[in-house]
Amino acid sequence: MRAHDLSAGGGVLDRVHATARTAVRLYGLPGAEITLINVSENATFRVDDPETGFRAVLRVHRLGYHSTAAIRSELAWLEALREAGVRTPEVLRAPDGSRVLTVPGEPPRECVLFEFLPGTEPPQDRLVEGFERLGATTARMHRHARSWRRPAAFTRFHWDHGAALGRESRWGRWRDGPGMDPEALAVLGRLAEELRGRLRRFGRDAGRYGLIHADLRPANLLVTGDGPPSVIDFDDCGFGWYLYDLAAALSFIEHRPEVPAMVDAWLRGYRTVLDLPAEDEAEVWTFVMFRRLLLVAWIGSHAGVETAAGLGAGYTRGTCELAERYLAGELTRPAR
């Protein structure tokens with residue numbers, strides 16, 4: 001796995017800020033102010049022009065994660081979903097008409113400017129209600145993905161077992177996660193083997209596997225009132241199991257007592273748009289644990305990201321506890 005350059009230290013974020021300042025000038029906003037929102041896979045900035053009141057969101061890409069063609073593919077799906085009625089941010093083009101701006105430097109970086117959408121992250125005290133709306137929105141995205149004729153040059157990576165937990169794991173090896181003592185290695189090793197077998201049996205037919213957002217957690221949703229959420233940050237979108245979108249929505253909160261009710265709500269919302277067979281529903285916790293183990297690897301390989309640093313070894317311990325329950329058959333969906 002290529003090292004996450006935004007976690008490397010050594011003044012890299014100062015250089016990324018300089019890239020952002022250059023980018024806003026190239027976008028024709030020389031007087032705009034930039035404010036860092038967060039650093040995860042990429043660095044995201046709010047852009048404010050004090051003279052006009054214009055506001056946008058600038059994404060400065062990390063190195064080595066996506067090719068320019070893959071970024072363009074992401075934006076093509078985001079725009080197609082927007083045209084189909086799923087609220088996503090408009091991609092604001094550079095003066096030359098391009099969706100992706102390459103900012104010169106050593107090394108050069110890709111940047112994308114997005115519309116600043118209204119709304120806030122779903123409130124923590126209303127996640128169950130929000131998950132029903134999220135389920136319906138996710139189903140609309142899956143329905144669109146199944147019928148959309150992708151551009152000829154469309155290219156995105158996969159979130160299959162090999163890419164997530166195999167030898168060339170995209171976010172590093174789960175064995176290198178924080179707090180990985182011999183007991184944790186043993187428990188999570190059993191979990192990894194169980195997941196590999198279950199996913200192989202589940203299969204990748206067109207009704208179960210296709211183009212997904214892959215990171216529909218509350219941080220990537222914006223709500224206003226009781227309407228459907230706006231969906232942002234398609235940077236991880238790619239090909240994977242449709243149920244992975246539910247698992248990703250539970251990222252970092254899989255242990256919370258309200259999770260079963262959240263899953264029920266998501267499924268109710270989903271089934272207002274698309275069918276979901278009972279045999280698929282039975283594997284919900286397989287995908288929750290698949291995502292959870294992948295996040296153990298992500299925390300280990302993203303030491304410079306605030307979320308990862310805050311979770312640390314405690315997330316590994318919690319994963320072991322959930323793994324024991326999953327392997328014992330305690331985390332199952334009741335038959336409908």
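Predicted model: local features only at pLDDT ≥ 70, side-chain atom pairs only at ≥ 80, totals over all residues.

Student: OK, back up to H1 itself. How many residues does H1 have, and how far does H1 reach from its first C-alpha to its last?

Tutor: H1 covers residues 12–26, so to speak a run of 15 residues, and reaches 21 Å from its first C-alpha to its last. That is close to the 21 Å expected at 1.5 Å a residue.

Student: Which residues in H1 are buried?

Tutor: Val12, Val16, Thr19, Ala20, Ala23 and Val24 are the buried ones in H1. Looking down the axis of H1, the buried residues fall within an arc of 135 degrees, so they line one face of the helix.

Student: Why would spacing like that put residues on one face?

Tutor: An α-helix has 3.6 residues a turn, so residues three or four places apart point the same way.

Student: And what covers the buried residues of H1?

Tutor: Strands, among other things: the cover includes E1 (33–39), E2 (43–48), E3 (55–60), E5 and E6 (109–115).

Student: Switching to charges. How many salt bridges does a search of the whole structure find?

Tutor: The search finds 22 salt bridges. Let's take a few. Arg99 and Glu79 meet through their side chains in one of them, at 2.9 Å from N to O.

Student: Where do Arg99 and Glu79 sit in the chain?

Tutor: The pair links distant parts of the chain, with the two residues 20 apart. Arg99 is in the loop between strand E4 (91–92) and strand E5 (101–103), while Glu79 belongs to helix H2 (residues 68–83).

Student: Is Glu79 buried or exposed? And what about Arg99?

Tutor: Glu79 counts as buried because its relative accessibility is 17%, and the cut-off for buried is under 20%. Arg99 has a relative accessible area of 29%, so Arg99 is partly exposed.

Student: Which residues do salt bridges with shared partners join into one network?

Tutor: Arg46, Asp48 and Arg55. Asp48 pairs with Arg46, where the closest N and O atoms are 2.7 Å apart. Asp48 also meets the side chain of Arg55 in a salt bridge, at 2.5 Å from N to O.

Student: New topic: cysteines. How many disulfides does the count come to?

Tutor: The count comes to 0 disulfides. The cysteine sulfur closest to that of Cys111 is in Cys237, 18 Å away, so it is too far for a bond. A disulfide would need the two sulfur atoms within 2.5 Å.

Student: Are Cys111 and Cys237 buried or exposed?

Tutor: Cys111 is buried, with a relative accessible area of 0%. Cys237 is buried as well, also with a value of 0%.

Student: Last one. What does the UniProt annotation say about residues 40–274?

Tutor: An unreviewed UniProt entry annotates residues 40–274 as "domain: Aminoglycoside phosphotransferase". Over residues 40–274, the chain is 35% helix and 15% strand, and the end C-alpha atoms are 32 Å apart.

Key: Residues numbered from 1 in each chain as written. Heavy atoms only, no water. Salt bridge = Lys/Arg side-chain N within 4 Å of Asp/Glu carboxyl O. Helix = DSSP H or I, 4+ residues; strand = E, 2+ residues; numbered from the N terminus. Buried < 20%, exposed > 50% of the residue type's maximum accessible area, 1.4 Å probe, protein only. Expected span 1.5 Å × (residues − 1). Arc of directions from axis to C-beta. Contact = heavy atoms within 4.5 Å. UniProt positions renumbered as here; feature names shortened; annotations may be inferred.
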